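Colleague: I have a structure open and would like to learn how to read its features. Could you take me through them, starting from a single residue?

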Amino acid sequence: MSSTPLKLLLAVLTAFGFLTGCEGKHSNTMFPSVEISQLSSTKELEAYEGGKVTGAEFNRFLAVEGFLNPDAPLNDTSYRKELLRQLVMQKILISHLKTSDKVQKQVEDMWKQIKRSYDEDTRKQGYEVLNIRSSDVTNQLTNQFKLEEYFRKQITSDELTAYYKRIENDLTRVSFTQLAFSTLHDAAAAAAELQKGTSLQDVQKKYADVQTVSKIENADNLKLSSLSPSFIDVLKKQHIGESSEPIKMGKVYYILILKQKDKKTESEVKEEMMKELVLNHINRYIQDQLPRFHVTFNLR
């Protein structure tokens, strides 16, 4: 199952995309209409061990999703199936969860954001087009924040640290000077001079005179993960001002001189990592746990 639709489902977890990405109020928002010809109130769209989802429930769920995310493809069958799975998961888990003070505060804060982004006329238009009430939005936001809280509690400090180690190259930015040589002999000789304290300018002048340096470039503020594996290995270990041993790539030998290295700490990115890990936990629940409830889908 693709994780892309899943990220669109939980608007409160992924950025509340349309609303939080823009400043000011929006008076020209086009809310999507929801095609409900297959979603009658009596039709059972999905059954699972211990409950079911009716057409009316799913229609309301779709409509609130359209209010929170006007760009959502609500009438796309694949998207609907992903949303339907999420609604089943929500119904299974929500019945065992209480609404904490934190969740209530999150809902209040989200409504403040909604009102900053949608003026009163726009909100009324959304309710009319989508055939929902503000209470439907509140209920869905409450359920989503309760789910987030449930899955956040399952994330351990060890899991956070392991995830941080997996993404640390994305969190590190480096600036460096690279010298490129056509022969290993010249690259090694230049590296030795730099390492014993000869200035870059003197080395550059010396090897430029004999035309053995094919390229000298500055690379500034690059994400470490965007570089070649051989560069990553060297730069991760290198200290500011150090020059590397020659690095062979193709027919060229490179020397790297590190100028700056900035890496975000685990504490700085903890909240971002928590949101990603919550989504991972939700994805695993839908894939691994949902089948245990013997879910049957009737949505075509």
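Modeller: Gladly! Let's start with phenylalanine 67, which has 0% relative accessibility and therefore counts as buried. Keep in mind as we go that this is a predicted model.

Colleague: Where does phenylalanine 67 lie?

Modeller: Phenylalanine 67 is part of helix 4, which covers residues 55–68.

Colleague: Which residues is phenylalanine 67 in contact with, leaving aside its neighbours within four places in sequence?

Modeller: The partners are Phe31, Ile114, Tyr118, Arg123, Gly126, Tyr127, Leu130, Ile132 and Val137. Take isoleucine 114 as an example: 47 residues separate it from phenylalanine 67 along the chain, and the two C-alpha atoms are 9.9 Å apart.

Colleague: Some of those partners are aromatic. How should I read a pair of rings?

Modeller: Two values describe a pair of aromatic rings: the distance of the centres and the angle of the planes. In this structure, a search of the whole model finds eight aromatic pairs. In one of them, phenylalanine 31 with tyrosine 118, the ring centres are 5.4 Å apart and the planes stand at 80°, so this pair is edge-to-face.

Colleague: Why does the pair of phenylalanine 31 and tyrosine 118 tie together parts that are 87 residues apart in sequence?

Modeller: Because of where the two residues sit: phenylalanine 31 is in the loop between helix 3 (17–20) and strand 1 (44–48), while tyrosine 118 is in the loop between helix 6 (101–117) and helix 7 (120–130). Both phenylalanine 31 and tyrosine 118 are buried.

Colleague: And how does phenylalanine 67 pair with tyrosine 127?

Modeller: That aromatic pair is stacked, with 5.4 Å from centre to centre and 20° between the planes. Phenylalanine 67 belongs to helix 4 and tyrosine 127 to helix 7, so their pairing links parts 60 residues apart in sequence. Tyrosine 127 is buried, as is phenylalanine 67.

Colleague: Which residues touch the most other members of the largest nonpolar core?

Modeller: Phenylalanine 67 turns up again here. The core has 54 residues, and those touching the most other members are Phe58, Phe67, Met89, Ile114 and Val137. Strand 1, helix 4, helix 5, helix 6, helix 7, helix 8, helix 9 (157–167) and helix 13 (270–289) each give two or more residues to this core. The largest share is that of helix 5, with nine residues. Another core lies apart from it and has 13 residues, including Leu224, Phe231, Leu235 and Tyr254.

Colleague: At what angle do helix 8 and helix 13 pack?

Modeller: At about 95°, with 9 Å between the axes. That angle makes helix 8 roughly perpendicular to helix 13. Glu148, Phe151 and Arg152 of helix 8 meet Glu271, Met274, Val278, His281, Ile282 and Tyr285 of helix 13. This contact divides into five nonpolar residues, one polar and three charged.

Colleague: One more: what should I look for in the backbone angles?

Modeller: Most residues other than glycine have a negative phi. Asparagine 221 has a positive phi, near 55°, and its place is in strand 4 (residues 213–223). Histidine 294 also has a positive phi, near 50°, and is found in the loop between helix 13 and strand 7 (296–297).

Colleague: Are asparagine 221 and histidine 294 buried or exposed?

Modeller: Asparagine 221 is partly exposed, with a relative accessible area of 46%. Histidine 294, at 56% relative accessibility, counts as exposed, since the cut-off for exposed is over 50%.

How values were computed: Residues numbered from 1 in each chain as written. Predicted model: local features only at pLDDT ≥ 70, side-chain atom pairs only at ≥ 80, totals over all residues. Heavy atoms only, no water. Phe/Tyr/Trp six-rings, centres within 6.5 Å; stacked < 30°, edge-to-face > 60°. Helix = DSSP H or I, 4+ residues; strand = E, 2+ residues; numbered from the N terminus. Buried < 20%, exposed > 50% of the residue type's maximum accessible area, 1.4 Å probe, protein only. Core = buried A, V, L, I, M, F, W, Y, C linked by side-chain atoms within 4.5 Å. Contact = heavy atoms within 4.5 Å. Axes fitted to C-alpha atoms, helices over the stretch in contact; angles between N-to-C directions. Parallel < 35°, antiparallel > 145°, perpendicular 65-115°, else oblique. Nonpolar A, V, L, I, M, F, W, Y, C, P; charged D, E, K, R; others polar.
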